[in-house]
Amino acid sequence: MITMEGICKSYRIAKRNAGLKEACKSLFHRENETIEALSDVSFTIEDGEMVGYIGPNGAGKSSTIKILSGILTPDSGSCIVNGRTPWKDRIAHVREIGVVFGQRSQLWWDIPVIDSFELIKEIYSVETHDYHHNLEELTEMLNLKELLRTPVRQLSLGQRMRCEIAASLLHNPGILFLDEPTIGLDAVSKLAVRDFIKKRNREYGTTVILTTHDMQDIAALTNRVILIGKGRLLLDGTLDTLRQQAADLEGGEPSEELDKIVAKLYRGLDIL
Amino acid sequence: MRKGILIYGRYVSVVLRSAMQYRLSFFLMAAGRFLIAFNGFLGIYFLFSGFSEVKGYTYGEILLCFSIMQLSFSLAECCANGFKKFSGTVKRGEFDRMLVRPVSPMLQVLGSGFELGRIAPALTGVMVLFIGIKNCSVDWTIGRTAALFLMLLGGIFLFAGLFMIEAAVCFFSIENTECMNVLTYGAKEHGKYPIDIYGKGLMRFCTYVIPYTMVQYYPLQYLLGKTDNCFYALYPLGVTVFVLLCYLLWRVGVRHYKSTGS
Amino acid sequence: MKKYISFFKIRFQVGLQYRSASIAALTTQFLWGIMECAAYRAIYMSSGMEPPMEFSALVSYIWLKEAFLAMFNTWVTTDGDIFTVIMNGDVAYELCRPVSLYRMWFAKSVGGRCATAALKCVPIIAVSVLLPRPYRLSPPRDLVAFCFFLLTLFLGLFVTVAFCMVVYAITLFTISPQGLRAVLTGAVEFLSGAVIPFPFIPQPVRGVLELLPFGSMHNVALRVYSGSLAGGEMLRAVALQVFWIVALVLLGKAICRTAERRIVVQGG
C-alpha cells in the first residue's frame with residue numbers, strides 16, 4: 001500500500017542574468033527564486049491498483065515519482081510504501097519496486113540484452129532459480145525470445161522498450177512505476193506494452209503507477225486518474241469524474257475525446 | 001563487501017564485452033595513450049643526455065619517480081574512471097537509475113565507468129620502472145620494496161580521491177569540473193620530478209592542501225636511501241585520511257542531490 | 001574563394017562565442033607553463049653543463065607554446081565539428097553542398113584555431129610578461145625576429161592544418177577514426193617538439209626530427225622569436241615549411257578526392 005500525506009517540495013533556483021557583470025554580482029549576492037514543485041499532495045493507493053498520474057509538463061509528476069522511488073527527499077509530509085519511508089530506507093525499499101524511465105535506457109548499448117539482464121540479476125541478488133523462472137515468463141509474455149541475443153543498438157525502439165520493461169521486472173517487484181512507457185512507440189508496440197501491463201497487473205496483482213501524456217494509455221489501463229497541476233493535486237477519481245469535471249468547467253457535451261477533455265481541464269484549471 | 005566485489009566484477013565483464021565490439025578502436029586508443037605516456041619517458045631520456053642530475057636526483061632516480069606516478073595514475077584512472085565520466089552520468093539522468101537499485105550508487109558509478117584502455121600508460125610505467133631500477137643504485141631491501149608498493153598504493157588512492165572530488169563537485173555544479181584537471185593531470189605530468197625541485201611553496205601546497213608529498217617526496221627519500229628514517233616509508237598511509245574526506249564530500253553531494261533532484 | 005573566406009569567418013565567430021577561453025582552462029594552461037619553467041630552472045641550476053638553449057629563450061618557448069597551443073593542437077578541440085561529421089556519417093550531407101570538401105574544412109579549421117588562439121594568447125601573454133624575472137616572457141630579439149616569428153607562426157599553422165587534413169581524409173576510409181587520431185596525436189606530440197624543445201635532443205635524432213613535417217609546425221616560430229633559430233638556418237626552416245605545406249596539401253587533396261568518390265559510390 002502507498003500513502004502520501006501532505007508532501008511538500010520546493011526548489012530554490014539561483015536567478016542569474018546573462019553577462020559578465022551579472023555573473024560577478026552573483027558571486028556576492030544571489031537572488032533565489034523558490035519554485036513549489038509539490039504542495040500538500042496526499043493520496044492513497046491500494047495494493048493491486050492501477051493509477052494514471054497526469055498533468056502538464058512541469059506539474060510535479062516526476063518529482064512525485066522520484067519521491068515514491070526514494071530518489072528525492074521531500075521538505076515535509078510523510079510517505080509510506082509497504083511500511084517504509086522510501087528516502088529513509090532506500091536500499092530495502094528499491095528492492096520491492098521496479099521503475100521504467102521511458103526516455104532513458106538501463107540496457108548496455110553494445111552487448112546482447114541477456115548480458116544486461118544477468119548484470120541486473122546480480123545487482124538485485126535474484127536467486128538463480130527465481131531469475132530463470134521470471135525470465136522465462138517475461139520472455140513469453142513480452143515475446144522476447146528473438147531479441148535476447150541481439151545487441152541493444154540493433155533493436156527498434158519498440159523492441160527496446162519491451163526489453164526495458166522486462167529488465168525492471170526481473171526481481172519481481174510488487175510495485176511498478178512507469179514514466180512515459182509508450183513515448184515514441186508505434187501503434188503495434190504501444191498495444192503490446194499496454195497488454196502486458198494489464199496482464200501483469202491481473203495475474204500478479206502488481207500495483208502500477210503510470211505517468212503519461214498519451215490519454216489512450218490511461219483509457220486502456222486505468223480506472224483511477226490523479227490529476228496534478230502546479231504542484232497541487234486537483235482531481236482524484238475515475239475517467240468519468242474527469243469528464244464530468246471538464247463539462248462542469250466549460251459546459252458542453254461531456255463525451256468528447258479524451259485529449260480534448262484533458263486540454264480543457266488544463267486550461268480551465270489554469271495549470272499550464 | 002564480497003557482494004560488492006562480485007558486482008564490480010560483473011560490471012567489468014560487461015564493459016569489456018562492450019569494448020570488444022570495437023576491437024580495433026580499443027587497441028588504437030590504448031596505443032595512443034601508451035604513446036603519450038611514452039613521450040614523457042622520451043623527454044626525460046633526451047633531457048638527461050645533456051644534463052646529469054636535477055637537485056641531486058640522478059637519471060635512474062627520476063625514472064623511478066616518473067614510473068611510480070604513471071603507474072598509480074593510470075591504475076586509478078582505469079578503476080575510477082566512472083568518477084571522471086560522472087558529469088555526463090548526471091546530465092543524462094542515469095544517476096536516478098542508480099538510486100533506484102539496491103546497491104551502493106558509488107559502486108555502480110565505478111563499475112559502469114570502468115575503462116580498461118586507460119591502463120595502457122601503466123605499461124609504459126612498468127617498462128620505465130625496470131629501466132629506472134637498472135639505472136639507479138638502490139639497494140632493494142625489504143623496507144625499500146615495501147616503500148615502493150606503499151607509494152603505488154597510496155598514489156592510486158590519492159588520485160582516486162581526486163577523481164571522487166571531481167565527481168562530487170558535479171552534484172553542485174555540472175560546469176566547473178575542468179579546474180580539477182590541474183590537480184589530477186597536472187600532478188601526473190609534473191609529478192615525474194620529485195616535488196622538492198619546484199621549491200618550498202609548492203612543497204607546502206602539496207603537503208597540506210593535497211597530500212601529494214605523502215605518496216611521492218617523503219617515501220621517495222627513504223626509497224632512494226637519502227634518509228634512514230623508515231617512518232617516511234609509511235607516509236602513504238596518511239592518504240587514508242584524505243580519501244575519507246573525499247568520501248565525506250561525496251556523501252554530502254549525494255544528500256544534496258536527493259534534496260534538489262538535479 | 002569568397003565562400004571559403006565566409007567559412008573561415010563563421011568558424012572564427014563561433015570560436016569567439018564558445019567559452020573556450022574559460023577561466024578554468026586558462027588557469028590550467030598558465031599553471032602548466034609555470035611548472036614547466038620551474039622544472040627546467042631546477043635542471044639548469046643543478047647542472048654545470050652548458051645548456052643548449054638560453055634560459056630566457058626556453059621560457060619564451062614555453063609561454064608562446066601555451067599561448068598558441070590552440071593553433072597547433074592536433075588533438076581536435078577546435079576541429080570538433082569536422083570530426084563529428086566524419087564520425088556520424090553526416091559527411092554525406094556536406095558532399096551535397098556545391099563546395100570543395102577540402103577547402104571548406106581547411107578554412108573552417110584555420111578559422112576555429114585562430115579564434116581560440118586569439119582569445120587565449122592575450123591573457124597568457126599579458127600575465128607572462130608581468131611575471132618576476134626568470135619566469136618572465138622576454139620581448140622578441142629584434143624587429144626582424146618578430147616579423148619572422150609572425151610569418152613562421154602562420155606557416156606553422158598551415159602545416160598543422162594541412163597535416164590534420166591528411167588525417168581527416170584518411171579517417172574517411174577507416175572504421176576507427178577515433179583510434180587513428182589517438183595514435184597520431186601521441187606520435188605528433190613528441191615529433192613536433194611539444195614534449196621537449198628540439199635543441200635538447202642530440203644529433204642525429206634532432207636532424208631527422210627537423211626534416212619531418214612535424215618539425216615545421218610550432219618548433220620554428222617559437223625558436224625564431226627568441227633567436228634560438230636565426231640566419232641561414234632560419235631561412236632554410238622557412239623554405240622547409242613552405243615545402244611541407246605544398247606537399248601535405250597536395251597529398252590531402254588527392255586522398256580527399258578518392259574518398260569523396262568512394263562515399264558517393266557507396267551512397268554514404
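1. Ground rules, briefly. In this predicted model local features need pLDDT of at least 70 and side-chain atom pairs count only at pLDDT 80 or more, while totals for chains, interfaces and linings use all residues. Residues are numbered from 1 along each chain as its sequence is written, chains are lettered from A and ligands numbered from 1 in the order in which they are written, and side-chain values use heavy atoms, with hydrogens and water left out.

2. Let's start with chains A and B. Here 31 residues of chain A are in contact with 28 residues of chain B, contact meaning heavy atoms within 4.5 Å. The two chains bury about 2,900 Å² between them, and 56% of that is on carbon and sulfur atoms. Buried area is the accessible area (1.4 Å probe) that two parts lose on being put together, summed over both. On the chain A side, A:Ile71, A:Trp108 and A:Ile123 lose the most area to chain B, together 22% of what that side buries.

3. The rule finds 5 salt bridges across it, a salt bridge being a side-chain nitrogen of Lys or Arg within 4 Å of a carboxyl oxygen of Asp or Glu. A salt bridge joins A:Arg104 to B:Asp96, at 3.3 Å from N to O.

4. Which elements of chain A supply at least two residues each to the side that touches chain B? They are strand S1 (2-15), helix H3 (90-94), strand S5 (97-101) and helix H4 (113-123). Helices (H or I, at least four residues) and strands (E, at least two) are DSSP runs, numbered from the N terminus. H4(A) gives the most, with 6 residues. By class, this side has 15 nonpolar, 6 polar and 10 charged residues; Ala, Val, Leu, Ile, Met, Phe, Trp, Tyr, Cys and Pro count as nonpolar, Asp, Glu, Lys and Arg as charged, and the others, Gly among them, as polar.

5. Now for chains C and B. In this interface 36 residues of chain C are in contact with 31 residues of chain B, and the chains bury about 2,900 Å² between them, 77% of it on carbon and sulfur atoms. C:Trp32, C:Met35 and C:Ile43 supply 21% of the area that chain C buries against chain B, more than any other three residues. Between these chains the count is 0 salt bridges and 4 residue pairs in polar contact, both at pLDDT 80 or more. H2 and helix H9 (177-191) of chain C are the elements giving two or more residues to the side that touches chain B, and the largest share, 13 residues, comes from H2(C). That side divides into 26 nonpolar, 8 polar and 2 charged residues.

6. Do look at helix H3 (residues 55-67) of chain C. Its 13 residues reach 18 Å from first C-alpha to last, close to the 18 Å expected at 1.5 Å a residue; the expected span is 1.5 Å times one less than the number of residues. H3(C) is largely enclosed by the rest of the structure, because 12 of its 13 residues are buried. Buried means under 20% relative accessible area, exposed over 50%, partly exposed in between (1.4 Å probe, protein chains only). The cover includes helix H2 (23-45), helix H7 (101-128) and helix H8 (143-171) of chain C.

7. Over all chains, the search finds 28 salt bridges. A:Glu49 pairs with A:Arg224 in one, with the closest N and O atoms 3.1 Å apart. A:Glu49 lies in the loop between strand S2 (31-45) and strand S3 (50-54) and A:Arg224 in strand S8 (residues 224-229), so the pair ties together parts that are 175 residues apart in sequence. A:Arg224 is buried, at 14% relative accessible area.

8. Finally, B:Lys84 is worth a visit. B:Lys84 lies in helix H4 (residues 81-84) of chain B and is buried, with a relative accessible area of 19%. Its side chain makes a polar contact with that of B:Glu77 (2.4 Å).

Methods: A polar contact is a pair of N or O atoms within 3.5 Å; within protein, one must be able to donate a hydrogen and the other to accept it, and residues adjacent in sequence count only if both atoms are side-chain atoms.
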